Amino acid sequence: MADKRRVIGKALRKVDAAAKVTGATKFADDLAFPRMLFCKLLRSTQPHARIVSIDTSAAAKLDGVQAVLVGQDLPIPFGILPVSQDEHALCIDKARFIGDPVAAVAALTEEAATAATDLIRVDYEPLKSIASAEEAVEHPEPRIHDYGDRGNFHKLIDLEFGDANAGIAEGDMVREDLFFFEGSTHLPMEQHAAVAMWSPDQKLTLWTSTQTPHYVHRALAKVLELPAARIRVIATPNGGGFGGKSDPFNHEIAVAKLAMITGRPVKITLTREEVFYCHRGRHPTLMWVRTGVKKDGAITGMHFRSLLDGGAYGSYGVASTYYTGALQTVTYHIPCYHFQGARAFTNKAPCGPKRGHGTPQPRFALEVHIDKIAEQLGIDPAELRLKTLVPANSLTANYLRVGSMGLGKCIAKVVEGSGWKQKFRKLPRGRGVGLACSSYISGAGLPIYWNNMPHSGVQLKCDRGGGVTVFCGSTEIGQGSDSILAYIVAEVLGIDPFDIAVVTGDTDLTPVDLGSYSSRVTLMSGNAALQAAERARQILAVHAAKKLEIPVDRLSFAERRVYDAKDPKRGMSFAEAVQSAEAAEGTIGTVGSYTPPMSAGKYRGAGVGPSPAYSYSACVAAVDVDPETGIVRVPTIWIAHDVGRSINSAAVIGQVEGSIYMGLGEALMEEMAYRGNRNVVHKIPSLLEYKSPTTLEMCDVITYLVEDPDPNGPFGAKEVGQGPLLPVMPAVANAVYDAVGVRIDEVPITPEKVLKALRKKQKGEPGRHGPESFPDIPWPEPMRVPTPWEGGDGKAVSPGRPAITAERPH
Amino acid sequence: MLRLPFFTYLEPKSLADALRMKADAGPDAMFVAGGTDLYPNMKRRHQEPKTVISLMGIPELRRVESTTLGACLTLSELTARPPDRLTAAVSTAARLVSTPLLRNMGTLGGNLCLDTRCNYYNQTYEWRKSIDFCMKKDGHICWVAPSSPRCWAVSSSDVAPVMVAIGAEYRLLGPQGERVVPAGRFYHNDGINYLTKQPDEILVDVRIPKPNGWDAVYHKLRRRGSFDFPVLGVAVWIQWNRKTVADARIVLGGVASYPQEVPEAGTALRGGALSDESIAAAAEEAYRPSKPMDNTDFDLSWRKQMTRVYVSRALQQLRDRRTTPGLDV
Amino acid sequence: MTSESKVKIALAVNGEPTEIAFAPHKTLLEVLREDLGLTGTKHGCELGECGTCTVLLDGTPVLSCLVLGLACAGRTVRTVEGMAQGGKLHPLQDTFADLGAAQCGYCTPAFLLAAEALLAANPKPTREEIKDALAGNLCRCTGYIKIYEAVELAAARMRGEKAEPTTESLYGR
């Protein structure tokens, strides 16, 4: 079976590339049907208000208007997490941010639908609005939601692994730092769109630009009170996702309901401004960290606090909050660790999972914190990191199981490639280099809603003509997931990937895959595809071997042939192999599925952080800082990424470069800005004023692929879509310090902040810009979990506070 | 999808036709050239003409004659001309406008007449409703300065400050006939009434002063090297008399509702060589009246501080150009 | 409101004479996508702030979201659908596909057309010239690098050179 790999690792064209470059790919807004109506949502103009009344009568009478919906028409709440079912398709009694949808219209044209929304009169009774997490801490009332841990806290977490205070006290040095990470948004080039169709046999079909058709399917069934069997969700190829299309959305439910009412297809395409209101992007996060270290850099203990500004709804927020504390432990050995995290509700667009989900913020804090520690200890920051690496195949203090671990190799690559030793602290003023590392999950160990079914399923059908069709619920968002399925099946069956038809993201046709999030697809759907393909190969092999009169284990599958490895001329075409198997057994189809290994942690909250495999990255950023203006430019980034094994190296590099791009935007300019003093309105919901780097800001990227195959990944593959983003922000911050000697403990690192810090330094004050304090938060009693080296078994010894009551709105 | 409202679209083939169509359609009609300013404004319902009269089909507006530039030349056409000292600064400014695609569409005249901008104003109708609108459109208050009787939207043209600095003249044609206005008197420091041009007048062309020893440069500050409007533009014009500054004008863009000339800064330069001291003095003079408001990208105090840096750099460039042989572009 | 009478114009789309009737306030973007069914042209803001709707108008790249359909009477329009000929990809399409310059593919048609116009004017652009020419098109997936490499490779092939992607570009270092 140990054939030379013909597909895996090669830089092949993606299976959807030709459609993408010819404009043939049909995105959701490209769909049109006869008699199709257009939907428009009326959104709240108040950040926090009771809805006293809504008068839709004038809108309903407008020429061309076919239906108008308000909140009462869709009273059942939904939300991505079972613990945060706090959204309604249209606000019922309360609007929670400017942009919250309150009514929906379906009309013959988009123009008529827009005109109709203008005619809807909403009478609001304004409530005090909450513009920031700090304000939410200060003002438990009025509560934005009537559920959550306390006041305007959505979630409060306190987890302690070992005695962190005692551990920290053992350090030769203790360092404390504060950091702030501003919110940012995904900004996919495709604005969300959806088309719903209702058929007279009571079946609903929804085409939508979603990363998670399975969760949309569940939400529709719940809110519309339809049997799931009567609902078909088709995820159209996403014109960029990055996490922003991972929740079930108001507009998806609204068009579905409007299609049911009118019996006609209904389409909605959000405007760019509305995409900002969908958001679910990076949580603005304030962080405090305290670490004890030995003189040689060994960490003796760490205490980390985070305060997340969640925006108006739950979304993935509970998971995001746990993620701000989970992955600190998988890079550098931390023997005892205390994490406290809080998520506040505010009257802004809801935050959620953006590329790196909850981990870029703490990673920024940690990597800048380590840079400061290294300087204080007089150790090169690359050396310090190398000395403290978590070993491969080990368990962390918080019970994350690290498998393959290529971070050491990654650091070596970028240190060598960037000329780190010749540059660090040696460049002329204004120029600098900075180093940072990171790690990310290859899919989450637990599903979003509790169940013990597989996370990914694949069905495979072999055609007697030699073609193969792969069916999988995974969703192509540009990352190449359709291609991964084809490559893996092609490798196992020895056929050309382009002989394979890939059918994905369709709840009627494909087995469930949980969706394109958490960097889970290559590993999970890849493993499912691998299993299905190996099962098909076994079936084909039995009959081919019989026909060739050789033992099964002498067969090779390659170049569309099945043949005797010892005598390659002796064999048959792949199509003939399918035909003999089909003649003997009937139609040839197999299934494969994947369930991640059990997590080692058994404490409450242990569900966030475990993954079948962790990717690792190391990054060196070069910066030029203009000391007169504070303007920072990044000419080059060197990045090494431990992807386990590349399934397609060109696609891996594409993910690395794209991650660097998005990280660079977050590092230097991207910001979800609100005007707290002007009704908490989003300051800049446009592609012009939300600053996404252009070709002229993008840096050169020198990519090194480190391949440290992980036994849990298909062919050893780990994730690449998110991890390489994480080290960019801290590497740039550390490089700015190297260049001009000031610490910007906050992203984005804007010229204003750099110049302020430089001015302070000139005056003899600390050359730093960043947060000054962390508010007092009513943390619950910590849940104490003994570490593995204290003999712990992954369970908590003290329960912490009582389990959250399942308070739900309505 | 954001769409245009309904309107009537007319394509005159001559200036006379254009004026007649405007007269017929009345105050609800507007002229359009490249459309890159007007159409987004119409989609966001800032400007709501019932009739739109395109000037792009009028040959006279697209003429170039030595020092005269037709108003409907696209910005790309302007930058594609071989650079000479005469139009180098104009060309630089034009090349710094927005993106290559928008420069293929947007025109010289359009940039010179660009609607003032403000991030309380350049928002959709629904967004503006959330702040109860603003003085410039549909509301009563200027949110930038709520007690102010006037609108503080910002002049965001790149080319206009250069035209004011070099003393260009604009030729306008209206129902009353033709008039020529110095660029400096074409603009008002008022976010709403920012042009002295009447709505029924057409900007026909721009005359650049004859070469007689002057030089000019333009420096632009913005977040990204593309797309972004200036948050500060610095246009500097110097009339050289051998190595001495005979006369100078410093004009700031992006800090007021019009291209703001700072006469004190010019005075600080007059009569001497461009020394480090005179440059610093002029930069200081320009810094003082520069009053950016909180309605564009970036923090306003930083933008004000940048006036000093950018004016100094512009002057240094002019000095380098004067003293470096062979750089006579 | 819904019964605005249509106007009819003649223009050439991807080399074919086309007559089309549409509501007079429609932009070229809407006419292409909704009235001609050419959905290869995408949109990301409809305000001229992203470059996603780029098409070639008389050979010049413009934003179709800010061009009136009516203003296109008698003119030639080229969209991504016109690039492949006889079932064969345009060299730019080939290199975009091979290098992974198209990830989600949404901004791709715009980049292809802007790049095609660049190469028509400048068959051997430097990396800096490519960046300048594409500075009006946003892409959130690729970080642009694969796009530059694809344009460079296609340019070389269009000049008749036998060019292949670099190893670093496909396999890293």
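Residues count as buried under 20% relative accessible area, exposed over 50%, and partly exposed in between. With that in hand, here are some close-ups of this predicted model.

**View 1. A salt bridge between Asp564(A) and Arg570(A).** The side chains of these two residues meet with N and O 3.8 Å apart. Arg570(A) has 31% relative accessibility, so it counts as partly exposed.

**View 2. Glu670(A) meets Arg140(C) across two chains.** Here the salt bridge spans 2.8 Å from N to O. On one side, Glu670(A) sits in the loop between α17 (649–668) and β28 (674–675) of chain A; on the other, Arg140(C) belongs to the loop between α4 (127–133) and α5 (145–158) of chain C. Glu670(A) is buried at 1% relative accessibility, and Arg140(C) is buried at 1% as well.

**View 3. Asp30(A) and Arg33(C) form another salt bridge.** The closest N and O atoms are 2.8 Å apart. This pair also crosses between chains, joining the loop between α1 (17–22) and β1 (37–43) of chain A to helix α1 (residues 28–35) of chain C. Asp30(A) is buried, with a relative accessible area of 7%, and Arg33(C) is buried at 6%. Over all chains, the whole structure holds 88 salt bridges.

**View 4. Arg355(A), a buried residue with no salt bridge.** Look for Arg355(A) in the loop between β15 (337–344) and α10 (360–377) of chain A. The nearest side chain of opposite charge, Glu719(A), is 7.6 Å away. The side chain of Arg355(A) does reach the backbone oxygen of Gly658(A), at 3.5 Å. Among the residues that Arg355(A) touches are Phe242(A), Arg282(A), Met662(A) and Leu725(A).

**View 5. Gly445(A) in a loop of chain A.** This glycine lies between β18 (431–441) and β19 (456–462), and its 9% relative accessibility makes it buried. Gly445(A) touches residues including His455(A), Pro596(A) and Pro610(A).

**View 6. An open antiparallel sheet in chain B.** Five strands run in the order β4-β5-β8-β6-β7. At the edges stand β4 (64–65) and β7 (177–182), each with a single partner strand, so one side of each is left without a neighbour in the sheet. Further in, β5 (residues 68–70) pairs with β8 (residues 202–207) over 3 bridges, and Thr68(B) stands opposite Arg207(B). Helix α1 (residues 15–25) of chain B packs on the sheet, touching β6 (169–174) and β8, and its direction makes about 140° with that of β8(B).

Note on methods: Residues numbered from 1 in each chain as written. Chains lettered and ligands numbered in written order. Predicted model: local features only at pLDDT ≥ 70, side-chain atom pairs only at ≥ 80, totals over all residues. Heavy atoms only, no water. Pairing = 2+ DSSP bridges. Helix = DSSP H or I, 4+ residues; strand = E, 2+ residues; numbered from the N terminus. Contact = heavy atoms within 4.5 Å. Axes fitted to C-alpha atoms, helices over the stretch in contact; angles between N-to-C directions. Buried < 20%, exposed > 50% of the residue type's maximum accessible area, 1.4 Å probe, protein only. Lys, Arg positive; Asp, Glu negative; His and termini not counted. Salt bridge = Lys/Arg side-chain N within 4 Å of Asp/Glu carboxyl O. Polar contact = N/O pair within 3.5 Å; in protein donor to acceptor, adjacent residues only side chain to side chain. Lists of a residue's contacts leave out its neighbours within four places in sequence.
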